[in-house]
Amino acid sequence: MTLDARRVALLVAANTALAPFAIDAYLPAMPALAEAVGASIHHTELSISVFLFGFALGQLIGGPLSDRLGRKPVLLGGLVIFLLASLMLTTVDSLAELLAWRLVQALGGGACVVNSAAIVRDCFSGREAAKVMSTMAMIMMLAPLAAPAVGSGLLYLADWWLIFVFLAVYAAFLLWLMGTRLPETRAADAPMASPRQVLRNYASVLRHREGMGYVLAVAATFAGMFAFITASPFLYMTHYGVSPAMYPVVFGVNVVVMAASNRVNIRLLRRRAPQQNMRLGLGVQFVVALSLVALVATGLDSLVTVVPLIMLFMGMVGLIIPNAIASLLEHFSHMSATATALLGSIQFTCGALAGVVVSGFEIDSAWPMVLTMLVVSLAGNLALRGLAGRAGRGSSSPVERAEGGGLTGGGRSLS
């Protein structure tokens, strides 16, 4: 079958949307879930961090397996694990059970989603890869936009357990979709890495100065994003008094801005290097984080003042992450799933750590969130400028010289 850019973007976006659905759909139900498992809302929010840790580990395991066995076996196997764990989550009645099954669910999800960027890189390169990833990200934004609304509706229809039933059904749908519509994109003659070679591959990414600049820029952005996502149920519903029915609306406006920024990124790539867009996005995030700290310090923080700034912070994700992934994989096309796995594991681990900082100490204010966002945005700016060097300024990067890259073979036929 023939894979074109639109079809790849749609399939990969549907696969990647598994993560935001698993993270965001149960956010409106957090107070009800906390009551069901007999824990505080802050401790129940730790299930987000546990999921991110498991997702990171699942990618570390699934990435090398994907480079060795192929994309589809690992992807479908991860979906089966995710589906079964989602069903088990409907029965939990303690915080320990919740955390344990969220970890298992995340292991399957990580092994599944790690294939997304590798599939794009199997078929595209250069600016074309960045554009396809940006299109994929824009489509994928429908998931975090819809997820809280879906969760709120399911909570109204029954209770929090129905949200995990929904996740199991979505995983079953992906099993059918990917099993019947996605061919194997890994080249049949691609070399298979031994376990020792896998470790060497990971080490080669870690030693790559420019590549680590992109990795850490994504990780910092992800940490800032999950500092907000983890804090949002408490911040919006408890601190600012937003109802569970209105929470998806206030949360969803961030996703609308993120989707718009992905579209802006595609247009900017016509005349700017991906690295220049990354620098712009990281710079805006730092200014926004400073503004949020100033609001909280002066006592002027409220729903009216905080929401627009968070929208702008979250919106910059569309200028940073797609370009960083495409730029990283230009250097590691021969082991794209392994490189993506390392990137994913680092970014999700940083997101998890940010969530622990925000919720682990049970501080009933916005300070943990805004200070975490400020620290990680500063770290992201320093990492890109310090490690990526001239490429980080967009002056002489492989992506900039790619002249459009293009679809491998002009519309690769795969079976």
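## A tour that starts at a salt bridge

Select Asp-67 and Arg-71: the two form a salt bridge, with their closest N and O atoms 2.9 Å apart. (A salt bridge here is a side-chain nitrogen of Lys or Arg within 4 Å of a carboxyl oxygen of Asp or Glu.) Before you click on, note that this is a predicted model, where local features need pLDDT of at least 70 and side-chain atom pairs count only at pLDDT 80 or more, while totals for chains, interfaces and linings use all residues. Residues are numbered from 1 along each chain as its sequence is written, and side-chain values use heavy atoms, with hydrogens and water left out.

Arg-71 sits in helix α5 (residues 71-89) and Asp-122 in helix α7 (residues 115-123), so the pair ties together parts 51 residues apart in sequence. Show all three side chains, and you have a salt-bridge network linking Asp-67, Arg-71 and Asp-122. By this rule, the salt-bridge count comes to two.

(Buried means under 20% relative accessible area, exposed over 50%, and partly exposed in between, with a 1.4 Å probe and protein chains only.)

Next, zoom out and colour by secondary structure. The chain has 19 helices and two strands. (Both are DSSP runs numbered from the N terminus: H or I of at least four residues for helices, E of at least two for strands.) The radius of gyration is 20 Å, close to the 22 Å that the globule rule gives for 415 residues, so the chain is as compact as a globular protein of that length.

Select the whole chain to finish. Of its 415 residues, 59% count as buried. Among contacts (heavy atoms within 4.5 Å) with a separation of 6 or more, residues 24 or more positions apart account for 87%.

Note on methods
Rg over C-alpha atoms; globule rule 2.2 N^0.38 Å.
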